Structures are given as structure tokens and as C-alpha cells.
Protein chains: 4
Amino acid sequence: MSSTFGELFRITTFGESHGGGVGVVVDGLPSGVPVDLAAVQLELDRRRPGQSAITTQRQEADRVEILSGVFEGVSLGSPIAMLVRNTDQRSKDYDTLKDVFRPGHADYAYFEKYGLRDHRGGGRSSGRETVGRVAAGALAKGALATVGVHIVGGTVRVAGVAAKERDWAQVELNPVRCPDADAARLMQTAIERARDARDSVGGVVEVVARGVPAGWGDPTMDKLDARLGAAMLSIPATKGVEIGSGFAMAELHGSETNDVFDGERYASNHAGGISGGISNGNEVVVRVAVRPATSIGKMQSMARKDGGTEMIAIEGRHDPCICPRVVPVAEAMMAIALMDAWLRQRALRGREK
Amino acid sequence: MSSTFGELFRITTFGESHGGGVGVVVDGLPSGVPVDLAAVQLELDRRRPGQSAITTQRQEADRVEILSGVFEGVSLGSPIAMLVRNTDQRSKDYDTLKDVFRPGHADYAYFEKYGLRDHRGGGRSSGRETVGRVAAGALAKGALATVGVHIVGGTVRVAGVAAKERDWAQVELNPVRCPDADAARLMQTAIERARDARDSVGGVVEVVARGVPAGWGDPTMDKLDARLGAAMLSIPATKGVEIGSGFAMAELHGSETNDVFDGERYASNHAGGISGGISNGNEVVVRVAVRPATSIGKMQSMARKDGGTEMIAIEGRHDPCICPRVVPVAEAMMAIALMDAWLRQRALRGREK
Amino acid sequence: MSSTFGELFRITTFGESHGGGVGVVVDGLPSGVPVDLAAVQLELDRRRPGQSAITTQRQEADRVEILSGVFEGVSLGSPIAMLVRNTDQRSKDYDTLKDVFRPGHADYAYFEKYGLRDHRGGGRSSGRETVGRVAAGALAKGALATVGVHIVGGTVRVAGVAAKERDWAQVELNPVRCPDADAARLMQTAIERARDARDSVGGVVEVVARGVPAGWGDPTMDKLDARLGAAMLSIPATKGVEIGSGFAMAELHGSETNDVFDGERYASNHAGGISGGISNGNEVVVRVAVRPATSIGKMQSMARKDGGTEMIAIEGRHDPCICPRVVPVAEAMMAIALMDAWLRQRALRGREK
Amino acid sequence: MSSTFGELFRITTFGESHGGGVGVVVDGLPSGVPVDLAAVQLELDRRRPGQSAITTQRQEADRVEILSGVFEGVSLGSPIAMLVRNTDQRSKDYDTLKDVFRPGHADYAYFEKYGLRDHRGGGRSSGRETVGRVAAGALAKGALATVGVHIVGGTVRVAGVAAKERDWAQVELNPVRCPDADAARLMQTAIERARDARDSVGGVVEVVARGVPAGWGDPTMDKLDARLGAAMLSIPATKGVEIGSGFAMAELHGSETNDVFDGERYASNHAGGISGGISNGNEVVVRVAVRPATSIGKMQSMARKDGGTEMIAIEGRHDPCICPRVVPVAEAMMAIALMDAWLRQRALRGREK
């Protein structure tokens, strides 16, 4: 029921793909933090549709307005509401889908949950809901930067092609947002092939936080792993998350995966920077499994509301691979989860960092 | 900071590996639900140490006492507190570890977080904290059973050996808790080999919920994926979680992973029973990556609190593979997360299921 | 830190008296509930400044826009964001107050909390924040009406004049919003006298909920008394709250205050409709103490930020008595708290009411 | 549904008047805070039954056991569970009440809420639930003392007799816990008279926090007034709360109630130390209306479960006036609410106080 993430640093998103607009209320940003509207807009531009040949061609300018909580360039400590108006809504694309449940989509589950649905789009399950997350994440990133915490992210796997390098400077130089220029080309080809076949492909997005001091997180229910896991799996189209070596650790021995520490440096990072749920001073590394977009142009069998099935091709403009647009969202959610953990640790210890 | 999981069905665990005892307060179990002390004890027996040759030989009877909230065999609707006393505490095993940070353990992170630690054990990061979860999970399982929801689980991968079958009736017949009798033998051999080498191995645990109706969960922050992800990643030693086909979906196309639905049945279950964050009527399937136990008997380099490093072998009685004991904990956490989602859906729709 | 009230029915307000606007995100309104924009506007009109000679002459049209969560006149079950733009901001009225702390106001406390403040108004302590509450309350009222719960309210005491009648039909017929026409005239005179003396007067507002079934609320921390108490004391300028006979019960005996019940009717209502924290089927009756408005035109001694004091008269347009404008806010907060209790009880019992 | 109070400093109580015991889990006490078992026991002794001639003669030793979270006399930062066993349960006193709803009690509301009740006592509505609050409050008091915040409380009104003095040193010297020795004698007489008439009397309890720095609290939903209001109204038998001059302010003018501040001292304290929801550096003053105990020995008409009414006298040992035993509970709840506000402010500002 809840559209809220976080406790001390708390975001609440609102808005559907169709309606007046989408946005977010950010509560818990301490007072006196510089808030840069341009930085927020920049992150939204990384998320918006129509940014490249391999994203949906739906065009939305996604200009953000800050409604409250900021005065003379700094946060007031009060809630910061941000609004992005909806503009390019081609609802008629959805007309043929009014009486069917699309496979892979939330249509049926949504209908069973609410007893009704706005057939003009994905409602709250739509990727458009992430606009608010990205705007909020930009504020969290800005605040974290003041204590030396920086987040990077990129697409590290698409359709069987894996990035071998982690050259984060490459990410904004290719449309896949891959930190490996060579792999990026192969990924792009795979995505274009899927697009041309009216299909979609899945992938993996990696996000990394540098500069996180030891001591953030919690040893039990609010393990940093758990908070980051919830943050990532709350992003549309994600179906898995792993920290550090993750599932690969299932094949290894403790003598291999115990990261040796000499009091200053770690010899490895199988734990992904989190030990017993608490940051250990190493880089925090999280990977997210992104499923192929459920909206595809191929003919598919769909259940009709009134019984029976029907073969339909979903018209409209789709993302053949969501990974490039998931990258800024995953970075945002990581920033939000870390921001919350930081404030908790301040509450616990009463000091800056 | 929080030791609480869930909102409407809410558990709060307490207790360290050393101290008066461990337990849980369960708030939000509706009134009138049958509460079976024997069922709670049975789940605890599945979790307890010393149950087989491939678990730690630490012996704790782990007898549970229900302190409140139950009268004449049914829940009163008030919080149910359950307590298990600590008994077999061999604190001296930890004496040599007082001034070092064990690799892989939370020791250093914990110390940075709290400024102190109880060196006699893992504190709240200890697996012993899960006693309370399992006891609470038994209540959730009992309540879910009244609406036809049943949870099963098992070890499906250890040290490179994968279960091919999902014969859940096998699970309690082998010490690995594997739903594939043939794979179980190979896994057991791998675990014994690690144990004899004073090492440990990782694995994967799968939990499945049957009978979950469509409509549980939420489309945004409290996606059922996110809640289950947080539930699983809050279990000690877990480093990854996936729903349905999870990371494998990263290699596939939308035309393959869109589960075709004819209004009654799904032709596949790549989504793991959750679409857009909401249960879709299919089986809910979750897998958890379990790292090799960090406590191993091999000599390891450890950072000293006062600087420098030291080679030490951790004495004591360890689990060579935690998977068999993670199974009941993962089942419990799934039950708790589903219970919460069920009550939320009742709040939203005002009907039984 | 939090701008959120409620758990299942949850409102988050945003906005300062100066800035882009004020509003609210309402999360947890079940799907399919009729949402009437005109009804929301009507409640806002009852709250807005400039509505009569005894409220502030600041003029704001306060037109509300629903940004999300409503489709074809009913709620979608997703968050409903509502926005009211700020218009008539005469910031220069505040220029002389930039470097002083006004007595009675939150200026000093606010400055110590945040380290800075927007001197152009009361920030989040401003009564303007209540716009979002009233809009959210209108939705709650609408939903409660579908199960026969109706809320009324009025000013029952001002400057020593007490209402003897509870003729709720009178409330909108006099500017004091008093349910006793005779008392209303006396109250109006007292308010005008205070206004002419550049002063302000306090009072008491009463809100009553009819049709609340027995069983809403909780026996311990979330007693309905406690939730309603928090709801009322979160309204600006309130300094007390009582349920039923409240403080008067401190003078009475148990044999007088135990409301005799014959299984259908209560002979009295000292408990204000709540027994042991749970609604008992009687009318829920709450009274709120409203302090005299802190903004007065009289000369007052104010502490200077840089030390010393100064005599200053606060220019601008003030409310000589806030009670008439607190009435719709108190009704709204009662509706919000009851809505939350209703949904909790549905979660607990799984039935409509 | 929730038995939890607080967010950062969070207590969860459990236990009924009849059952294994009552207790609390305290989550969020920072690590390294001295925890004094004797101090906890001392507070429980102030609350326990049988302590004087004017409290119930039910005898319970109420010895507390700390189960977790404390090591070598300081807090570990992990949850602290505390347990008090139930001993003197004379359930047969309740046998005649099995099939009726006692007037003033929660019996009927409870039954409608849960569909069942443990007729052997008040269940969670019983005053016995406050054992856990008092134990938790002792920890909060201890932690607050480390930053110079101290809480005192007493009975300031009973049956029409008002305390004129606030000599807090008197409180433990008379059984009424009144800070005015002369008034105490009159109050005691009134209470004994009620007791002899098999009746009960109400009163008012006042709690005061000294040393609270400016800046704790929040300007909107979590106003310190609102948090303290919820804390107080969650105590059994309370029906009103006021901060500072409270309801008396309804009779006054702004020029009287605006507390003049010279930058160091306040000339008055009508606001009770809270301005705009935030502590202003003045003493925090809260008063609570306590209703006459609902359990009285007089004959009363009671509704029968199966219809009709019956005249019954409630046997057993009752409190003729609850105020003396409410004092430690109100102090505890104030400490808990302030502790939470303190930790929030540390999160916001990142400094000790």
C-alpha cells in the first residue's frame, strides 16, 4: 500500500503514466545542504525516454519543478516536493488492451488487487513512477557527496554479453551505459537485433558506492544488504539482486571468500563492502537482474477479462532493453538507502560521519 | 537500529548468542488463530545446532516458552512473546579472538558502528538471532495455512552441485535438506570434505509459497519482490536473492519470459509468481545465495585491534555449510513477509482473502 | 523530522507559507472510493484566509489540483497528490522580523533546530501547512461516509464564553463556527474587541464522530485516544486535548463516570466513545485547546539574534482568533485518524466494517 | 494493532495481566550507555501494586530480569529485552464477570474488536501492561541524564484538591505522590473516603522535563506536543493532556500568553517549553487527566453478553485512585518520547546535543 521508502531519509512518490504528473516528496534531508536544480534535472535527463535509438521513442521533456523545502539554494530541513508534468500521453495506443491482461505485465495482478485499473497505462507499475525516485536520489547524492560518498553505476551484462572492464568514465559515452567500451558495442548490437525483432532483452546493472565509512547499516532486520536489496527490487522489472560476489559465493569456500583485512585495506571484496549487515569500509557493490521489458511488439496470447484468450501485438513505443534507463534509477535508490543508513548512524553515535 | 520486520504483522527479535536468552515479540497476529506450541518447537528443532553430522556440534535444546498473547490454544490478538534460554555457551572459545577482527565476520564493522562489542560471540550478527524469526515464522505459517497458503523450502545448490528435482517430501529425509535425493548425497560429500579441511562451503536455498492468491503486494516501494528480498537478505550469511528465473532472465528475451496466462493457468513461471510487485496467482518462488560460513578452522590472517596482523585458527564448533539450517529461517521469513502482505490486502479490500 | 501522519491511511504534507505551493500526498485510500473535487475545494474554502471579518485578511484563493490517483471520479488505490499554489505572499511584511525571534512563535526553537530559517514566514510551523491536511481530510471524510461515519465540529469556547448548545447546523451560519447561535454572538464580540486592541484570543474546538462502530483502535500504544490526541496536537496553536469528559473527570467518582451500557445504548458518554483505547459504539468526542494567535499587532519585546532585545509590533494581517479556521483542520485530522483505525480493523478482522 | 512506541528509540511491550509475564523490548538505545538494573527496579517499585494503603492490595514483587543487550553494565546497542513474571493472579475474582461487560471498562469494545477476550483480566487494556513502559523509561531516563535532561512528576490534583506547590522533593514522601505536602493530606483523605465507599476518584498528574535544549521535536506531524500527547494518552485511564497553560490559554489573550524571551531566559512558560512543536529551551511541562478507576466495588448495572443487564459488584482489589501509580508511568513515557526526539535531532544535525 505504501509508496514510501526510507525512515529517516524518506521518499514518497506519486503519479501514474497518465494523469497530471509524477513526483516525489523527500522528507528528512537535513537543513543547510546545497540543492542544485540543474543536478536534479541532469539525473532526470539520464532516465527520460527518447534519449537514444535504443530506448523508447516516447518523448517527454521531464522538466522538474521544486515546490518546497529549498530557499536560497539550500535545503530548509522541511519536505522537498518535486513535480514533473506528464505531456506525451498517447492513450489510444492502449485502447486495444482495455479488455485483456498482457502477459508479463501486472495487469491481472493489479486488477485482482484493486478491483479496477486505469487501462491507459501501467498505472503505478509503470516505469514512469521512477521519475520521483531519480529526483530524490539526486538530492541524496548531493548530500552524500558532502561526506565523500560517491555512487557510480552501469550496465554490466546484456543478452549474454558481459562487461569485463569497470571503466566508469565510459558509462555516459555509450547508449547502453556500459563501463566497458568493447562490450558496449556488442550489447548495442544485441539490443538492436531484439528491437528489430519486436522483442526485448534482459541484463544486469551494477552500482557501486565509494567512500562509505565502516559502521553504516544494522546487524539484523535492517542489514545494509536488506535495505539495498529492497531498494533494488522495488525498481520495476528487477528480479534479482546480489551483493559482492553474491550467487557466485555459493560455489566457493570460506577460505576463499573471507576478505582478508590488515586493519587498513581489504585483499578482496567478496562481501561487497558489507559484513554482518554493516558497511566495512570497502566499496559497496550491488548488482541487479533486469528482466526483458514485458512490452513487446510481437504477437502474444492474452487472457480476456471476460474469458478466453486473444492474439494481440502491443502497439506503441517500447524499450528493447531497460538497462540503460535502470542505471540512474538504481544509483538513485542506492543513494537513498545509504542516506537513510547515514542518518541512522548519526542518530546512534551523534557525530558527523 | 531496528530489530523489527513487518508493518501489520510485525516481529521484533532480541538476544545475543551470549546472554539470558533469545526471542521475539510478534505483534499483529489476528485474534482467534490456533497457536500450536508443538509446531513452533518443531520449526525450532529444524533450526537448532547439533541436529546432524554436518551442522555445528554446539548443543542447545532450544525449548521455547510462550510468554503472552495466547489463551486456550488461540491467539488473543495481542503481542505474542516467545523466549528461548541460552544454555551451551562456551565463551572461552572466543578468548583468543578478543583483540582481533576475524576476516569475513562483522567484527570490524560492528566495532566501528557501536564503539564496543561483546567479544564472546557474534552479538546480534550471530545466527542465534534467527531463533526468534523461526518461532515467529511458525505462527505465520499456521495463520497462512488457514487460507490455504503453504510454504516449502530446501537446499538446491551446494559447492557446484545443483538439485535437479523439486521433490519437497525429500527435504526432511536428508541432512542437507535437499529436494533431490541424488543431489543430496553429492552435496553431503562436498560438505564433509570442506568440514574435514576445516573449511566451509556456500550454496543456494529455495523457498516456494503455494496457494498465494493474486493481489498481495504493492506496485511500488513495497513490491512483494522487495519485501521478500529484504526478508531474505536480512538472514545472516545471505548475499543474493532472486525471484522466479531471476538472474537467468538477464540472458533471455521478452518473448520467452512473458508468462502466458489463459485466465486460469500460467504456461510458465519466469516471474516467480509476482508481476509488477503483486502476486499473480502462480507459485511464489524465491532463491537465496548463502555464503560459506565465515567461521572456519583454517589458519587465517587477522587484523589486530592495536594494529598489525596475526595468524589465528578459530577454535570452536562451526557449521561447514549453513544451508540446511538456513532453510527453516528462509521459510519463516517468507511466511512473515507474506503474512504482512495478506493483512495489508485485507485492509485495502476488507475481505478475508 | 517527519511530515507524515498515519500508517495504513497515510498523509504527507509539504510546502511553506512562501514558496511554490503547499500540498499533500495521500497514500492508502482504497480503490474505488468516489473522489469529489468539489468536496475537497469546499473544505479548503472553510479553512482559507479572508473568509470573514474575524479571520486574517490575507487573500488566497486556494484552488486545489489533483495530480494523481484518481480516474473517472474514483480512487485508483494509488497515492493521491494534491497541490495548492501560493499566491498572495507579502514577504516584505516580514523584513523587520529578519533578525529577531518573535515571542510565542517558533522562531528561536526553529533556528536552534535547523541552524537557519526562511524569515519570510513561519516555514513549516505556519498554519498554511494545514492546507494539505484539510484536502486529505476531505478524502477521508468521503471514504468514512461510505460506512456511515460522519464528523462534525465547531468552536465551543472563546475568551471565557462557552457554547451551551450543540446545534451543529448552526456552525456554518456564523463566522465563529459555533454550534450555539447565542454564544456565537458573544464570541464574535470578544474576538472583534481583541482584534481592535491589536491582540488575539484563545478558545476550544470540539469535533464529534458519529457512527463509529465498536472495535476501532488499539488497547496499548495506538489507543484511539492517543491517535486522536496526536492528530489534534499536531495542529498549529493547539496546546491541549481531551476525550469525552476529559479533565472534568479528574473531579468525579468512578460511580459517576462509568458509562452504563445496556447492550444497545449508553446512558452517558464520559469516555467520549472510547474504552480502553477502542471505540465502544458511542459518539467519539474530542476537544482541543487553541491558544491565542501568537502574531499580534501590539508592541512586544523581542530577542535579537545578535543579542539584546527590541520593541517591535508585528505588521501584517493576522487572525484575532484561530478557532474558526481550526475547526475544518480538526475535523480533517479526526477523519484521517479514524480512517487509519478503520483500515487497521479491516486488516485484523478481514471484513468491511 | 501495534504495541510499539517510538521510531528511533522504540519500545514494544508484551504481556497480559494473566499469563507468563509482562515485559518490553527496547530498541535504539545507543551503545555504551550505563544500564543500572537497580535503577530499573526502583522505578518498577514505584509502579507496583500494594505499595501503600491507597493502592490496590494485589501483591506482585515485580522483579525484573534483563535478557539481552547489556554487557558489563553498559548497553551494547542491541535490543534490550526485560521480563517481569506474573505471580499473584487471583483469576477466580473474575469468574462472575465472564458473561458481562463491565461499565467503563474496555470489555465490550475489546470483544467487538477481537471477537474474543481473556475474561480473567483486562488483557492488554490492563494497567499491568505498563510494567514494560516503566522499565523502558528507566533506561531512557538514564540516557537522558547523560546529557543533563531530568524528569520529575507528581499528582497535582485529586477530587477537586489542587497542589499549590511544586516541591518535587515531597513526591516520594507521601503516598499520593503530590509535590505539595499540605494538599497531599487532603488528597489522601479524599481517596480513602472513596475507597471506603467502594468507589474511586480521578485526578491530574504533571510531569516536567528540565534541561531539554532548544531544537528537539518537529514543526508538523511529529510536534513534540503531539508525541508527548500520544505518549500520555496511551497510558491506561488517561482522558486528556495539556502542555504548558493548556486549556487555560483558551481564556487568555496573545499579549498574555506569548512568553517573552530575552535571548537567555523566558519571563513565563505558557507554551510549556514547546514552540511550534519544537522545544524552546524552557522546561517542558505536561499535565494528564486521569479518570477515576473503572473497577469499583459498588453495585453496577452491567450488560450481559447474551442480552439483558444484571446488577453486579466487582470483587477483587482495586486502586481507589490511580494517580500515584500513573506518576512513574507518565515520567517513563515522557522520557521515552524525549529520547526519541533527541536521537532524531542527532540524526538531523549530527552532533551530540
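Biologist: Let me start with one residue: which residue in β17(A) is the bridge partner of Met299(A)?

Modeller: In β17(A), Met299(A) has Ala313(A) as its bridge partner. As a general idea, strands of a sheet pair through backbone hydrogen bonds, either parallel or antiparallel. Here β16 of chain A (residues 299-304) and β17(A) run antiparallel, joined by 5 bridges. Two strands pair if DSSP finds at least two bridges between them; helices (H or I, at least four residues) and strands (E, at least two) are DSSP runs numbered from the N terminus.

Before we go on, this is a predicted model: local features need pLDDT of at least 70, side-chain atom pairs count only at pLDDT 80 or more, and totals for chains, interfaces and linings use all residues. Residues are numbered from 1 along each chain as its sequence is written, chains are lettered from A and ligands numbered from 1 in the order in which they are written, and side-chain values use heavy atoms, without hydrogens and water.

Biologist: Thanks! What is the strand order of the open sheet of 3 strands in chain A?

Modeller: Its order is β8-β16-β17 in chain A, with antiparallel pairing. The edges are β8 (100-101) and β17 (309-313) of chain A; each has a single partner strand, so one side of each lacks a neighbour in the sheet. Across the chain, you can find 7 helices and 17 strands in chain A.

Biologist: How many residues of helix α5 of chain C are buried?

Modeller: Buried means under 20% relative accessible area, exposed over 50%, and partly exposed in between (1.4 Å probe, protein chains only). Helix α5 of chain C (residues 224-233) is mostly covered, with 10 of its 10 residues buried. Among them are Leu224(C), Asp225(C), Arg227(C) and Met232(C). In chain A, buried residues account for 69% of the 353 residues.

Biologist: What box do the C-alpha atoms of chain A fill?

Modeller: Along the principal axes, that box is roughly 65 × 50 × 40 Å.

Biologist: And by what turn can chain B be laid on chain A?

Modeller: Two copies of a chain are related by a rotation about an axis and a shift along it. Chain B is laid on chain A by a turn of 180 degrees and a shift of 0.0 Å along the axis, with an RMSD of 0.0 Å. That is the relation of a two-fold axis. Copies are superposed by least squares on the C-alpha atoms of residues with pLDDT of at least 70 in both. The same surface serves both copies, since 100% of the contact residues of chain B (heavy atoms within 4.5 Å) recur in chain A.
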